[in-house]
Amino acid sequence: MPAIRNLSAEEARAAIPALSQVLVDCVAGGASVGFMQPYGPEDAEPYWRDVADAVATGGNLLLVAELDGRIVGTVQVGAAQMPNQPHRGDLKKLLVHRSARGKGLARLLMDAAEREAASRGKTLLVLDTATGSDAEAIYPRLGWQRVGVIPDYALWPEGGFCATTLFYKRLT
């Protein structure tokens, strides 16, 4: 049975090696999540240290999915916004290790992220994802509304431009 947990800053720092392995696997698998190949754990660790620092300040929520006590997935909610956007959060980096896909972890992570965001007064979440990616198909099934596509928004990890699709979801 998978477990979903919202990590404290201390827990996030302790989980950096495991989080790095998930991120490295996703980038190796072609996920356009901001990083280029080749990408190893030593590349991922500074990113996760920054995330843990943001958790410490309340700027980010960091949730993980565990199977058999091992972190195999994660998602973040950027909670710190400009003064005119206290109701909004940014969903970031929904990642599931390729060895753990097909078990409903993305749905569990998203459900938990939405609940955590709502408990902190967020009524609107937004995200972007690579157009044409496997991830793009997940969000409409979870009740997210497609807004549109921006061409040539980023690069695929192996190179070449990719578009991004924007989504939002109102929380109740």
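**Note on the fold and its largest pocket**

1. Over residues 2-172 the chain is 35% helix and 34% strand, and the end C-alpha atoms lie 25 Å apart. Helices (H or I, at least four residues) and strands (E, at least two) are DSSP runs, numbered from the N terminus. This is a predicted model: local features need pLDDT of at least 70, side-chain atom pairs count only at pLDDT 80 or more, and totals for chains, interfaces and linings use all residues. Residues are numbered from 1 along each chain as its sequence is written, and side-chain values use heavy atoms, with hydrogens and water left out.

2. Seven strands form an open sheet with mixed pairing, in the order 1-2-3-4-5-7-6. Two strands pair if DSSP finds at least two bridges between them. Strand 1 (3-6) and strand 6 stand at the edges with a single partner strand each, so one side of each has no neighbour in the sheet.

3. Strand 1 pairs with strand 2 (residues 60-67) in the antiparallel sense, over four bridges. Here Ala-3 stands opposite Glu-66 in strand 2.

4. Helix 5 packs on the sheet. Helix 5 touches strand 4, strand 5, strand 6 and strand 7; contact means heavy atoms within 4.5 Å.

5. Strand 4 gives the most to the lining of the largest pocket, with six residues. A pocket is an open set of points on a 1 Å grid over the protein atoms alone, where a 1.4 Å probe fits, with protein on both sides within 12 Å along at least five of seven lines; lining residues have an atom within 4 Å of a point.

Technical notes. Axes fitted to C-alpha atoms, helices over the stretch in contact; angles between N-to-C directions.
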